[in-house]
Amino acid sequence: MSETVRARLVNLGLMLLAPVLALLVAYGVTTLILVLAGDPAGAVWAQILSWPEQRNLINIVNSASVYYLSGLAVAIGFRMNLFNIGVDGQYRIAAFVAAVIAGEAWLPGYLNTALAVVAAMLVGAAWAGIAGLLRVTRGVSEVISTIMLNAISTALVAYLLRKWALRVEGSNDIGTKPIPEGSRVPGFTIDGVVTEIYGFVVLAVIMGILYSVIINRTRFGFDLRATGHSETAAVASGVSVKKMIMISMLLSGAVAGLVGLPILFGDAYSYGATFQSGLGFAGIAIALLGRNNAIGIVLGALLFAFLDEQSNPLQIVVDVSPQIVEITQGVIVLAVVIAYEVVARIRTRLEQRHAGRDRGPGSDADETPPDGPSGTPGRDREVSV
Amino acid sequence: VSAVTETAAPAAERVGRGRRITLPIILLGIAVLLLVLSLLRVITGADDVASSGTISASIAAAIPIGLAGLGGLWAERAGVVNIGLEGMMILGTFGAGYFGYFYDPWVGVIGAVVLGAVGGLIHAVATISFGVDHIVSGVAINIIALGAVQYLAALAFAGEPGGGTSQSPTIGDLPRLTIGFLSDPLGDLEGQNWFFVSDVAAFLRALVSGLSSLTLIALALFVLTWYVLWRTAFGLRLRSCGENPGAAESLGVNVYLYKFIAVTISGGLAGLGGGFLAMVASSTYRDGQTGGRGYIGLASMIFGNWRPGGLLTGSFLFGYTDTVRLRSGGESVHALLLLVAVLLIALAVWQWRNGQRTLAAVSVGIGVAAGIWFLLSDTVPGDFTSMTPYVATLLVLAMFSQRLRMPAANGLRYRRGSAG
């Protein structure tokens, strides 16, 4: 085996090592907690790891599409070293506005849908833009401001909902006017199954491709990544950091605005008090899991959706609270970032040994700084501050 | 993460910022505050703006936020950003619920601290030993903690009388302090509705009736934190880890150890804040009891410029706005609009004189809008009142962020031996 092939194999192995390690750790920790609490760990895993039925598979794809959009929104920020913790608030207020516009049906058919989608993106971008503006003009950390904006959007949407919403027939819930039939997005059916795959899964795919192309293939994407890696280098090459912060915050918010739409146009058809919340925080975890990579985020989203769906019947089947899976998800996130760090350290050590061997006896490989710019590959530093 | 970017302040201002906060200044501040509130009460007729009920409820609301913020202070002074405060608080609520119900209220307090500290320890291992990004680790801890307590609560409380899958049975009370011979006459005085006198009486009455022992402990922890961090060698070393860990290490400080201690204490304090919510602010553990107070604690720490005194002020501000919306909310918050309008316009004048023209224009804009809102309406809708603390935080950060200075090496990854 030649040297380069060997090196590539080692590289690939190291790349896969981190997620595998993280999954094993999450499995171990969850099992430990189950055993300590006196719950049947074997039965729990048998349920979670069983092959899902077709209906469940469709649910998994559906919720993965939503998670994917949320993960993408967070990843755009991460690429620029920005923490958009506010995806939650952005999608909530955007989904509400989209629901109102689509419900009013000012335009016929799919024009109405398109208008609502555009409006959702604009509202999401504007809401994230507040945090961006505060960051560039006043130096307020986007972490704190987006957290505050999340809480504000919750209250604002609750107020607007009460003001404009109608009572849903036959219940005490209130919601926006239902979207007319002609503007709903039809799903894909798979033979014999009642549950449909959201039509807007396509939207998630398109956004993923766009993200990948823009980040990796355009001048703008290059500037974005460069600024994320090293602000000083970016400034030296003529990039305006403030402009980049503003643009990436707006883009992140625009994508965040889409998060609620697959549910809105494919299932709920109106925005009510029970509209799914908390998708933004899952997005942070998923973006981290996928290393901000368009394909990686798909895997992360599928994994989270899989765990959610498979844990649903836990209460009925083995009388264990399904919240156990949240622990698993959280541990996966923490373990995966730790594992990447450990792998990066192993890689550095290997490289140093390699360099030492190349230079022959007498050279001192330890002179390479352990954490220097040459030591850690750039892509491992995306979210480090 | 740069929480704030500091602008070059003139030297004179820097000296001025070092002013000692002494007891007379604190008392003067409280007096001015009461004067403003009583003026507001008389002008607008919103009686609950400064009643003793509002004040003691504000104290109860401020303490958990303050404890979370104090946790943040310990961690960030040692250079570790702790956004996992929320999760550590959540662990604390469960610790208090579980140990408080099955053992004894005081064991519950200890349980809250210990569970919070465990959260802190996880954060320390991830960020210090493994160099994981601080915010990433914090977010993960928040997810884990939420799932963990919901799972454990369902397991622990489901079969108990008065308990459920998301709620614990009633926890026993911690002793409360009432000084009867002071409380009753002060109550009479408050009832007279005299300008200023009644408000002072209300304030004092809140301090001598039904004050929880945990409140006193929390206040003592503020003083203790100030003393330990700013008056002892241990504190100096700990703060040096947050300012310049490389230099600290070269002087023989075990940076990892200090950071570990700081972050673990941080978790313990946040856990105590959660315990306060479960045992004093209410008397059960409930799912979702923290309601984002960990984040608010973090915000009030930034508001307080990474100092205990400022943090305490910040948490009382949040506690007050949080409370006033519950006590004849619409009316009281409506009254506060007037105060906001006046303050912002005064601020604008000051900013204008400092040459910050754009900022002054923004302040006037918001101030006038608040004033018009006050004049054109009688009450503020409930949803808006629940926004108050968050909008206040954003406004304060936007207005004063340039005057804040966080520890220089806060949020940065540090690896042993990396200093030259």
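**Aromatic contacts and surface features of the predicted model**

A:Leu16 is placed in helix H1 of chain A, where helices (H or I, at least four residues) and strands (E, at least two) are DSSP runs numbered from the N terminus. The model is a predicted one, in which local features need pLDDT of at least 70, side-chain atom pairs count only at pLDDT 80 or more, and totals for chains, interfaces and linings use all residues. Residues are numbered from 1 along each chain as its sequence is written, chains are lettered from A and ligands numbered from 1 in the order in which they are written, and side-chain values use heavy atoms, with hydrogens and water left out.

Over all chains, the structure holds 15 aromatic pairs, a pair being rings of Phe, Tyr and Trp (its six-membered ring) with centres within 6.5 Å, counted as stacked if the planes are under 30 degrees apart, as edge-to-face if over 60, and as tilted for the rest. The rings of A:Tyr27 and A:Trp45 have centres 4.6 Å apart and planes at 35 degrees, so this pair is tilted. Because A:Tyr27 lies in helix H1 (residues 3–37) of chain A and A:Trp45 in helix H2 (residues 41–48) of chain A, the pair ties together parts that are 18 residues apart in sequence. With a relative accessible area of 40%, A:Tyr27 is partly exposed, whereas A:Trp45 is buried at 9%; buried means under 20% relative accessible area, exposed over 50% and partly exposed in between (1.4 Å probe, protein chains only).

For A:Phe200 and A:Phe265, the ring centres are 5.6 Å apart and the planes stand at 70 degrees, so the pair is edge-to-face. A:Phe200 lies in the loop between strand E2 (174–175) and helix H7 (201–217) of chain A, and A:Phe265 in helix H11 (residues 261–268) of chain A, so the pair ties together parts that are 65 residues apart in sequence. Both A:Phe200 and A:Phe265 are buried.

In chain B, one aromatic cluster is formed by B:Phe94, B:Tyr98, B:Phe99, B:Tyr101, B:Phe102, B:Tyr103, B:Phe157 and B:Tyr285. A charge sits over a ring if NZ of Lys or CZ of Arg is within 6 Å of the ring centre and within 35 degrees of the ring normal. The charged end of A:Arg184 sits over the ring of A:Tyr269, 3.9 Å from its centre, while B:Arg307 lies over the face of B:Trp230, at 4.8 Å from the ring centre.

Chain B has 17 helices and two strands, and buried residues make up 53% of its 420 residues.
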